[in-house]
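Here is a note for a colleague who is opening this structure for the first time. Please keep the sequence and the model side by side while reading.

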Amino acid sequence: MLIEVLLASSVAFIITFLAIPPIIKVADEKKLFDLPDARKLHNRPIASLGGMGIFVGFFIAALLSVSNSFNPEFRFFFAAAIVIFFLGLKDDILVLSPQKKFIGQLIATAIVIHLGGIRIDSMYGLFGIAGIPDVVGILLSYVTIIVIINAFNLIDGVDGLAGGLGLVSTIIFGSYFLAADMAAYAVLSFAMAGSLVAFMIFNYNPAKIFMGDSGSLLLGLVNAILVIKFIGTGYSAEAVIPIESSVAIGFSVLIIPLLDTLRVFSLRIARGRSPFSPDRHHIHHLLLHRGLNHRQVTITCVLMNLMFVAMAFLGRSMGPNWLLFTMILTAFVMVGGLVYFRKPSPKLIVAHSYDTEKDAVMIQKPSRVLSLQNEAAVAEQ
């Protein structure tokens, strides 16, 4: 089984590493760029088709290493991955409306749940609840998968961030499945990890290419499948390696993208805006406002994620309720510190000069104060 995992991760790495330079070249020739604007953090056109390289490497490696005869559900996982990849690719090139993206995500999620059999069928001891009705389980499954898909899509705002967090999660899940003798899911995890390592060589700051929606949506779908399988397997008394408070530990692996998405969505809804409307309130924006650069933001978020995983593992005897409460409280205290004690942005004051006191009285136009958060934002104002 270890040989299969090493083969899958190596093949995924090699294919992705070889695929991305031609993708960058084609994107340059066809002008397929993610253009800078006042909201985005880059200040030059950058290709946003890195998801193509990730998908090709991951897909071929997983197909070569997973036996469909022993794992029939995987053909449906691959089908859902194709749907979500082309949905993201179309959005990278043509830009889809939020409604169309949501419908595409629903289709991919339905394939995973109803054909692939990946669903939540219990509360796994959360709130003292075990079994739940099928209707409730299916509804929770839809919500969970779609939230995770969008969480990785929204956290992809700084060079290396989505890839770094995805690498952490896939390695952790893959290591568990490897130890639990679940070869196919270990291969799925490490095939994605291998592709991400190759991609991050080109995406690490300063980025030569972005993963785009085609990459981030695929990464979210794969992690949604892995975390639901991880929680269900770890909770089962028949598991080779049962895990106490598996739901809390699974949550901790994805805590940075999940809590950031839920927090930002809540803020937007509270302000009467669409939850999908863009803004600059994500965790990476807050860290940038503290004066960190792209590399420092990525490293900080990855280390924070690892800290929460360690906290969850060491505190698993607390039970899922207290453990989740402790992690969420800790996370919001940390975010609150970034919000209320953040380093003030430097200001550019554009003032009028007057030759005489009479001119100053006659001209009443006020000065402008601009926040210098990045060059693109200043240019737009």
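1. Basis of the note. This is a predicted model, in which local features need pLDDT of at least 70 and side-chain atom pairs count only at pLDDT 80 or more, whereas totals for chains, interfaces and linings use all residues. Residues are numbered from 1 along each chain as its sequence is written, and side-chain values use heavy atoms, with hydrogens and water left out.

2. Overall make-up. The protein has 15 helices and 4 strands, where helices (H or I, at least four residues) and strands (E, at least two) are DSSP runs numbered from the N terminus. Of its 381 residues, 51% count as buried; buried means under 20% relative accessible area, exposed over 50%, and partly exposed in between, with a 1.4 Å probe and protein chains only.

3. Surface and contacts. The accessible surface of the protein comes to about 17900 Å², and 67% of that belongs to carbon and sulfur atoms (areas come from the Shrake-Rupley method with a 1.4 Å probe, and for residues only the protein chains shown count as cover). Among contacts with a separation of 6 or more, 70% are accounted for by residues 24 or more positions apart, a contact being heavy atoms within 4.5 Å.

4. Salt bridges around Lys101. The structure holds 3 salt bridges, each defined as a side-chain nitrogen of Lys or Arg within 4 Å of a carboxyl oxygen of Asp or Glu. The side chains of Lys101 and Asp91 form one of them, at 3.5 Å from N to O. This pair links distant parts of the chain, with Lys101 in helix 4 (residues 98-115) and Asp91 in helix 3, 10 residues apart. Lys101 also meets Asp213, at 2.8 Å from N to O; Asp213 lies in helix 8 and Lys101 in helix 4, so this pair ties together parts that are 112 residues apart in sequence. Asp213 counts as buried because its relative accessibility is 13%, and Lys101 is buried with a relative accessible area of 13%.

5. A salt bridge within one helix. Arg263 and Asp260 meet through their side chains at 3.2 Å from N to O. Because they are 3 residues apart in helix 10, they are separated by about one helical turn, and both are buried. As for the salt bridges that share partners, these join Asp91, Lys101 and Asp213 into one network.

6. On a 1 Å grid over the protein atoms alone, a cavity is a set of points where a 1.4 Å probe fits but cannot get out, a pocket is an open set with protein on both sides within 12 Å along at least five of seven lines, and lining residues have an atom within 4 Å of a point. Grid points are joined across faces, edges and corners, and a volume is the space filled by probe spheres set on the points. The largest cavity has a volume of about 140 Å³, and helix 10 gives the most to its lining, with 5 residues. The lining residues include Asp260, Arg263, Met304 and Phe332, and they divide into 9 nonpolar, no polar and 2 charged (Ala, Val, Leu, Ile, Met, Phe, Trp, Tyr, Cys and Pro count as nonpolar, Asp, Glu, Lys and Arg as charged, and the others, Gly among them, as polar).

7. The second largest cavity. Its volume is about 40 Å³, and its lining has 8 nonpolar, no polar and no charged residues. Helix 3 (74-94) and helix 8 each supply at least two residues of this lining, which includes Phe58, Phe77 and Leu221.

8. The second largest pocket. About 680 Å³ of space lies in this pocket. Of the 24 residues that line it, the closest to its centre are Ile120, Leu126, Thr144, Val247 and Phe251. Helix 5 contributes the largest share of the lining, 5 residues, and by class the lining has 21 nonpolar, 3 polar and no charged residues.

9. A loop residue. Ser245 is found in the loop between helix 8 (212-235) and helix 9 (246-253). Is Ser245 buried or exposed? Ser245 is buried, because its relative accessible area is 8%. Leaving aside residues up to four places away in sequence, Ser245 touches Arg316, Gly319, Pro320 and Leu323.
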